[in-house]
Amino acid sequence: MTVEWSWISDHTGDLTALSLSHLQAALTAVLLGLVISLPLAVVAHRVRPLRGLLLGLSNVLFTIPSIAVFVLLLPVSGLTRTTTVIGLTIYTLVVLLRNTVEGLDSVPARTKEAAKAMGTRPLRTLLTVELPLALPVIMAGVRIATVMAISLVSVATYIGDGGLGQLFTDGFQRNFPTPVIVGVVLTLLLALVADALLVTLQYVLTPWTRRQKQGA
């Protein structure tokens with residue numbers, strides 16, 4: 001299996017456009033997943049009877065095959081990028097919701113009690129104490145969800161989207177391995193770069209974790 005380098009140089013513009021489209025779909029889904037999972041996680045954390053229901057529902061959604069999700073969404077949103085984003089968002093929820101709940105659970109009770117004793121309102125305690133302390137666990141979920149979303153975008157090729165997944169279809173249909181190889185490499189690079197940027201973001205947003213390690 002050989003790579004025709006001339007094909008890559010001739011299609012640099014197309015490869016760039018597909019990579020950006022691929023990344024845009026994945027990141028949009030992760031952001032939407034965060035917007036949905038954060039309030040649900042707070043509810044699951046504070047209202048214990050709903051915890052099992054919410055986490056169980058997200059697990060059930062995760063078991064649905066990705067192609068089936070996209071097909072089921074077609075009557076609602078059609079052959080559009082919206083279908084891709086909704087499908088990917090569903091898959092990010094199981095990771096983001098569970099990690100956010102676990103992150104909130106990891107906040108020491110005495111820390112919340114101290115904030116309450118100081119007269120801090122519950123919403124402010126959530127925003128200034130609980131979520132920041134839960135951030136390392138939440139960011140671990142964001143990293144997993146981002147890499148997963150980037151890998152799943154290609155499945156949307158079956159509904160006419162798919163970003164870099166279009167290279168796989170093109171290569172297989174023409175029995176031409178170069179687009180397939182390039183698609184795999186670019187997908188891996190997107191995942192690695194996105195993960196590295198998220199690690200850097202977590203490092204910047206959680207300076208207290210570095211002080212704890214230094215103190216230890």
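**A helical protein and its salt bridges**

At 25% relative accessibility, D170 counts as partly exposed. Here buried means under 20% relative accessible area, exposed means over 50%, and partly exposed lies in between (1.4 Å probe, protein chains only). The model is predicted: local features need pLDDT of at least 70, side-chain atom pairs count only at pLDDT 80 or more, and totals for chains, interfaces and linings use all residues. Residues are numbered from 1 along each chain as its sequence is written, and side-chain values use heavy atoms, with hydrogens and water left out.

Start with the overall fold. The protein has 10 helices and 0 strands. Helices (H or I, at least four residues) and strands (E, at least two) are DSSP runs, numbered from the N terminus. Along the sequence the pattern reads α-α-α-α-α-α-α-α-α-α. The C-alpha atoms fill a box of roughly 70 × 45 × 25 Å along the principal axes. Of the 216 residues, 41% are buried.

Next come the contacts, meaning heavy atoms within 4.5 Å. Take those with a separation of 6 or more: 76% of them join residues 24 or more positions apart. Helix 2 supplies examples. S37 lies in this helix. S37 has a relative accessible area of 0%, so S37 is buried. Beyond its neighbours within four places in sequence, S37 is in contact with L93, L96, L97 and T100. L38 is also found in helix 2. L38 counts as partly exposed because its relative accessibility is 30%. Not counting residues up to four places away, L38 touches T100 and L131. The C-alpha atoms of L38 and L97 are separated by 7.0 Å, though the two residues are 59 apart along the chain.

Now the surface. The protein exposes about 11900 Å², and carbon and sulfur atoms supply 69% of that area. Accessible areas come from the Shrake-Rupley method with a 1.4 Å probe; for residues, only the protein chains shown count as cover. V43, V47, L50 and L53 make a nonpolar surface patch of about 300 Å². Patches are made of residues with over 30% relative accessible area and no salt bridge; like charges are joined within 9 Å, nonpolar side chains (Val, Leu, Ile, Met, Phe, Trp, Tyr) within 5 Å. V47 sits in the loop between helix 2 (12-46) and helix 3 (48-63). Its relative accessibility is 36%, so V47 counts as partly exposed.

Side chains of opposite charge can pair when their charged atoms come close. The structure holds 6 salt bridges. Each is a side-chain nitrogen of Lys or Arg within 4 Å of a carboxyl oxygen of Asp or Glu. D105 and R48 form one, at 3.6 Å from N to O. D105 lies in helix 5 (residues 81-105) and R48 in helix 3, so this pair ties together parts that are 57 residues apart in sequence. R48 is partly exposed, with a relative accessible area of 48%. D105 is partly exposed at 30%. R51 and D105 also meet in a salt bridge, at 2.5 Å from N to O. R51 in helix 3 and D105 in helix 5 are 54 residues apart, so this pair too links distant parts of the chain. R51 is buried, with a relative accessible area of 19%.

Return to D170. D170 forms a salt bridge with R174, and the closest N and O atoms are 2.9 Å apart. Both residues lie in helix 8 (residues 165-174), 4 residues apart, about one turn of the helix. R174 counts as partly exposed at 47% relative accessibility. Elsewhere, salt bridges that share partners join R48, R51 and D105 into one network.
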